Amino acid sequence: MGETLGTLGSAMAAFMFLWAMYQQYIPPNLRRHIEKYYQRLVKYFYPYNEITVNEYSRDRFTRNEVYTAIETYLSTNNAVQAKRLKADTAKNNQSLFLTIDDQQEVEDEFEGAKLWCASIISNPGTQTSHMYGYSNEKRHYRLTFHKKHRDLITKKYLHHVLNEGKAINSRTRQRMLYTNQEWMWSSVVFDHPATFQTLAMEAEKKREIIEDLISFSRAKEFYARIGKAWKRGYLLYGPPGTGKSTMIAAMANLLHYDVYDLELTAVRDNTELRRLLIQVPSKSIIVIEDIDCSLDLTGQRKKKEKVKEPTEEEEKDPNKKQGKGEDAEQGKTSKVTLSGLLNFIDGLWSASNGERLVVFTTNYIEKLDPALIRRGRMDKPIELSYCSFESFKVLAWNYLLLEAHHLFDKIEILLGEIKVTPADVAEHLMPKTIEPDSETSLESLIQALEMAKKEAALKTKEEEDKEESKSAIEDE
């Protein structure tokens with residue numbers, strides 16, 4: 001045994017000596033030729049092919065769907081072989097989802113062909129000097145298989161993995177809520193419980209919206225046939241408290257889409273907006289809430305302020321002049337333009353990923369630029385108005401589990417006489433005691449409605465008196 005180890009050590013020492021001599025004395029050009037022919041020789045005798053699947057595309061904007069599918073497929077079917085695993089919560093936080101850790105290899109078999117899949121990471125733990133702290137880590141999967149199975153793997157196996165991975169991911173993944181930070185997205189788990197069943201809205205209107213959404217989600221071939229990008233715009237408008245955000249959550253839960261909440265004021269310019277929207281995959285809802293407050297998109301064109309000439313004091317003191325310039329720089333707002341936003345709604349970039357909804361919300365639809373909300377951009381305007389009696393009955397069931405009550409008739413009369421939002425009604429129906437009392441909640445609502453009725457009548461009376469006084473003055 002000792003003699004064997006001694007011989008092995010001598011052989012390794014001799015190899016290291018020869019390798020050092022090769023690196024030191026063989027010219028680089030000659031080394032390249034030697035390595036080139038060595039690779040050809042290895043390729044001739046090496047019976048295996050390899051396929052590399054990178055995590056991100058070359059532009060680093062979008063995650064490779066094939067990579068995600070392989071990750072999901074192998075984690076479901078082959079994770080038991082790996083010695084190191086990564087754990088995450090699966091859908092609804094009810095179970096663990098195990099994925100293969102970095103630098104691990106598992107074996108798979110497909111129609112009699114064996115292949116090996118390794119999860120590789122390069123530059124682990126490193127970061128670039130980019131101002132956003134962007135990670136320089138690069139991950140990829142390497143598939144190794146015998147060259148005689150090349151056609152089987154490339155033409156059938158990869159398509160099988162892609163389809164299976166997407167199906168598994170759809171069943172197990174959690175929906176996410178994304179928000180933009182600079183030109184990147186950050187996310188949290190989206191677990192909003194809103195559904196169309198609990199939405200305070202007339203049944204007929206809900207049915208119409210549900211059918212429209214489901215029809216869109218199944219219309220891939222239709223959009224391709226008519227030559228339009230597979231996306232649809234919704235404009236939700238109405239007074240505050242009428243359920244616009246709840247409607248978006250219900251849409252996401254109905255279609256099982258992720259939500260991308262885009263804050264336009266945090267986007268510096270059109271280029272950054274393009275980077276953000278390119279990253280949004282299919283089966284997503286892009287949301288811009290209160291768009292009338294987000295940017296100057298109301299159709300009103302403001303004149304640029306003239307740049308003031310520096311004063312004599314500022315000319316003498318450069319520090320004051322510099323400080324003034326810094327204040328002006330900090331006061332600058334987003335440079336996203338209306339034309340830039342429109343280009344992503346229905347321009348060439350709108351077709352970058354299919355099956356996406358674009359949802360705008362506003363409290364004041366009359367303030368928006370007509371170019372922003374015309375048909376073809378906002379395909380379906382949806383007005384969310386004040387609480388009707390039918391909407392109240394939905395809220396009564398949600399909060400009090402009541403389908404009927406002797407106070408409902410009085411509430412129906414009051415709701416027909418005054419305007420009140422569903423949010424205000426829900427606040428009075430919310431139980432305020434440990435043991436809920438539906439009678440107390442309904443009486444509280446009636447008192448609030450009667451008070452609102454009196455205030456509305458008083459306001460109307462004051463306005464009439466002002467009009468009468470104005471008319472009297474004009475007559476004199």
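S391 touches A200, M201 and E202, leaving out residues up to four places away in sequence; a contact here means heavy atoms within 4.5 Å. You'll find S391 in helix α14 (residues 389–400). Helices (H or I, at least four residues) and strands (E, at least two) are DSSP runs, numbered from the N terminus. S391 has a relative accessible area of 3%, so it counts as buried. The cut-offs go like this: buried is under 20% relative accessible area, exposed is over 50%, and partly exposed is in between, with a 1.4 Å probe and protein chains only.

Before going on, a word about what you're looking at. This is a predicted model, where local features need pLDDT of at least 70 and side-chain atom pairs count only at pLDDT 80 or more, while totals for chains, interfaces and linings use all residues. Residues are numbered from 1 along each chain as its sequence is written, and side-chain values use heavy atoms, with hydrogens and water left out.

Now step back to the whole protein. It has 17 helices and 13 strands. Of its 476 residues, 35% are buried. Take the contacts with a separation of 6 or more: residues 24 or more positions apart account for 70% of them. The protein exposes about 30,100 Å², and carbon and sulfur atoms supply 53% of that; the areas come from the Shrake-Rupley method with a 1.4 Å probe, and for residues only the protein chains shown count as cover.

How far can you trust the picture? pLDDT is the predictor's confidence in each residue, from 0 to 100. The mean for this protein is 81, and 84% of its residues reach 70 or more. Over residues 127–134, though, the pLDDT is below 50, and this stretch has 15 contacts in the model beyond near neighbours in sequence. Residues 323–332 also stay under 50, and there the model has two contacts beyond four places in sequence. Where pLDDT is low, the predicted coordinates should not be read in detail.

Let's visit helix α3 (residues 65–77), which holds E71. Is E71 buried or exposed? At 15% relative accessibility, E71 counts as buried. Setting aside neighbours within four places in sequence, E71 is in contact with R63 and Y141. S75 is in helix α3 too, and it counts as buried because its relative accessibility is 7%. The C-alpha atoms of S75 and L98 are separated by 6.1 Å, although these residues are 23 apart along the chain.

Next, look for H146 in strand β6 (residues 138–146). With 26% relative accessibility, H146 counts as partly exposed. Apart from neighbours within four places in sequence, H146 is in contact with P47 and Y48. From H146 to W116 you'd count 30 residues in sequence, and their C-alpha atoms are 9.9 Å apart in space. Over in helix α17 (residues 438–475) sits S438, which is partly exposed at 22% relative accessibility. S438 is in contact with L400 and L402, again leaving aside neighbours within four places in sequence.

Two loop residues deserve a stop. H256 has a positive phi of about 60° although it is not a glycine, and it lies in the loop between α7 (244–255) and β10 (258–261). E355, not a glycine either, has a positive phi of about 55° and is found in the loop between α12 and β12. H256 counts as partly exposed because its relative accessibility is 42%, whereas E355 is buried at 6%.

Finally, the empty space inside. Rolling a probe the size of a water molecule over the atoms shows where empty space is left. A cavity is a set of points, on a 1 Å grid over the protein atoms alone, where a 1.4 Å probe fits but cannot get out, and lining residues have an atom within 4 Å of a point. By this rule there are two cavities of 30 Å³ or more. Among the residues lining the largest cavity are K231, L262, F344, S350 and R356. The elements that give two or more residues to this lining are β11 (284–288), α12 (338–346) and β12 (356–362). The lining divides into nine nonpolar residues, one polar and two charged. Here Ala, Val, Leu, Ile, Met, Phe, Trp, Tyr, Cys and Pro count as nonpolar, Asp, Glu, Lys and Arg as charged, and the others, Gly among them, as polar.

Notes
On a 1 Å grid over the protein atoms alone, a cavity is a set of points where a 1.4 Å probe fits but cannot get out, and a pocket is an open set with protein on both sides within 12 Å along at least five of seven lines; lining residues have an atom within 4 Å of a point. Grid points are joined across faces, edges and corners, and a volume is the space filled by probe spheres set on the points.
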